Amino acid sequence: MISADLHPEELQRIDELLRYEVLDTEDEKGLDELTQLASAICGTSISLISLVDKDRQWFKSRVGLNAKETPRDIAFCSHAILQDDIFEVPDTLADERFVDNPLVTGTPDIRFYAGTPLVSTNGMPIGTLCVIDTVPHKLDEKQQLALNTLAKQVVSQLELRLRNRQLERMQADQEKIFAILSHDLRSPFNGILGLSKILHENADTLEPELIAEMADGILESSLTFYQLLDEILQWSRNQLGAVHAELKTTALKPLITETLDLMAESFNLKKISIKHDINENITVMADVNLTKTIIRNLLANAIKYTPEHGSIDIEAKSSDGQVKLVITDTGQGVPQDIQDQLFIDCVASQCGTQGESGNGLGLSLCGDFARKQRGYLSLDKTYTGGAKLILNFPKNT
C-alpha cells in the first residue's frame, strides 16, 4: 500500500476545511441528495462526501456505507485531493498503490474508485465527492462531467450553510456589540471622566505622586478604550464586507517598528520588556493595513496576559519562501478549552493580569484578516512558558 503525500499547502488546507465548520455535524438532506444523485448517475453502490481532516477522512454524507470515517493514511481521497481533476482507479487489484489497502482487502471491498476534489472558494481542496463500487468500473465522459458538476454543487451547499451560520452568529454578535458599547466601553470612559474631574477640581491641592498616579489611570483607561473601539470598528467593517486585501511585497520590519512605537505606552504601563530582531530583508506578500491590525491585536493580547516586568519576544523566520512572525510572551497562556477556536470564532475573553477586560473579538478578527491574505494564524500548543502565537504568511511570489 502506498499512502498519499500531504498537500503542498497542508496547514492552509486544514485551516480552510475548519472554516466551513462542518466536521462532525449531523446529516443534511441537501447534501445527501447530491450524494444519492452521484451514485445513481455513475452506477455505483457507494458514494460519499468525504472531508480530509488531519488524520482521518470523515464522511459528511454517505450512500451504501455505514462507516462515518476511516484513517487518512489508507484513504483513496487523500490521493484525490492532490489532483486537479477526477482521480479514478478502474481496478484496485491492478494498482500497486491500493492492491493491499485494508479498504480493498476487507470491508467495503473497494474495486473501483473515482473522486473529484471539493475545491473551496479560496482554492483549497478540502475533500472529495467520490463514487465507489465492489466491481471494476470506469466512468464515461458524461458521468465524469456530472461528478464534477455535482462536486461544485456540494461546495455551493457548504458555502450556503456556512453563510447561514454566519448570519445566525451575526445576530448574536450584534447583541454582543451592544453589550460592549453599553458596558465595556462605558467603564474605561467613566474612569477617564472621573479621574479627569478630580484633577480638574483639585489639581492645586493634590500631591504630585497622586497626580502622577491619576494620570497613569487616565492613560490606561484611554488605551483600553481605544483598543476596544478599534476592535469594534474593524469588526463592523469586516462584517459589512468592507475589508479587502490588497497584497503586495511588503517589508516586515517597518510594520513591527511602527506598531511598537504606537503601543509604547502600553508596554511602559506594565513595565514589559520587548525583544525583537527582524531582518530588514524579510519581505512578505501582505496587505499593509490588515497586517498592522493583526500585529497590533496580537501584541495587545500579549500585553494583557503578561504580568508586570514580564517580556514579549518578536521574531520573524523565513524558510522556503514562507515567513512566520512569532510573538511569544511570558503570560498565563491560552486555556486549553478555547485553543482550537481561538482564531475562528469569538471566544470568551479572560481578564488580564491587572483585571483588563476583553470582548473576544480581537483574535477572531485577526484570524479572518490572515485568511484574507491567504495566510493563517496558529498557536504553539507545546509552548508552556506563556503563549506563542504565529502569523504565517504565504509564499512571497
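Mentor: Quick ground rule before we look: two strands count as paired if DSSP finds at least two bridges between them. Strands are DSSP runs of E, at least two residues long, and helices are H or I runs of at least four, numbered from the N terminus. The model is predicted, so to speak of a local feature we need pLDDT of at least 70, and side-chain atom pairs need 80 or more, while totals for chains, interfaces and linings use all residues. Residues count from 1 along each chain as its sequence is written, and side-chain values use heavy atoms, without hydrogens and water.

Trainee: Which strands stand at the edges of the open sheet of 6 strands, and why is one side of each left without a neighbour?
Mentor: Follow the order, β3-β2-β1-β6-β5-β4, with antiparallel pairing.

Trainee: What is the bridge partner of P117 in β6?
Mentor: Start with the pair: β5 (112-119) and β6 (125-133) run antiparallel over 8 bridges. Go across from P117 into β6 and you land on T128.

Trainee: Now the open sheet of 5 strands: which are the edge strands?
Mentor: The order is β8-β10-β11-β13-β12, and the pairing is mixed. The average twist is 15° from one strand to the next. Pairing on one side only is what marks the edge strands, β8 (273-276) and β12.

Trainee: Which residue in β11 stands opposite S318?
Mentor: Strand β10 (311-319) pairs with β11 (322-329) in the antiparallel sense, over 8 bridges. Opposite S318 you'll find V323.

Trainee: And β12: are its faces buried or exposed?
Mentor: Side chains in a regular strand alternate between the two faces of the sheet. Across residues 376-379, Y376 and S378 sit on one side, with L377 and L379 on the other. With the cut-off at under 20% relative accessible area (1.4 Å probe, protein chains only), these four residues are all buried.

Trainee: What is the bridge partner of S378 in β13?
Mentor: β12 and β13 (387-393) run antiparallel and are joined by 4 bridges. The partner of S378 is I390.

Trainee: Which element gives the most to the largest nonpolar core?
Mentor: Elements giving two or more residues include α8 (252-262), α11 (362-372), β12 and β13. With 8 residues, the top contributor is α10.

Trainee: Which element supplies the largest share of the lining of the largest cavity?
Mentor: A cavity is a set of points on a 1 Å grid over the protein atoms alone where a 1.4 Å probe fits but cannot get out, and lining residues have an atom within 4 Å of a point. The largest has about 40 Å³ of space, as filled by probe spheres set on the points. Its lining is L298, N301, A302, I327, D329, A387 and L389. The largest share, 3 residues, comes from α10.

Technical notes: Buried < 20%, exposed > 50% of the residue type's maximum accessible area, 1.4 Å probe, protein only. Axes fitted to C-alpha atoms, helices over the stretch in contact; angles between N-to-C directions. 1 Å grid on protein atoms, 1.4 Å probe; cavity = no way out; pocket = protein on both sides within 12 Å on 5 of 7 lines; lining within 4 Å.
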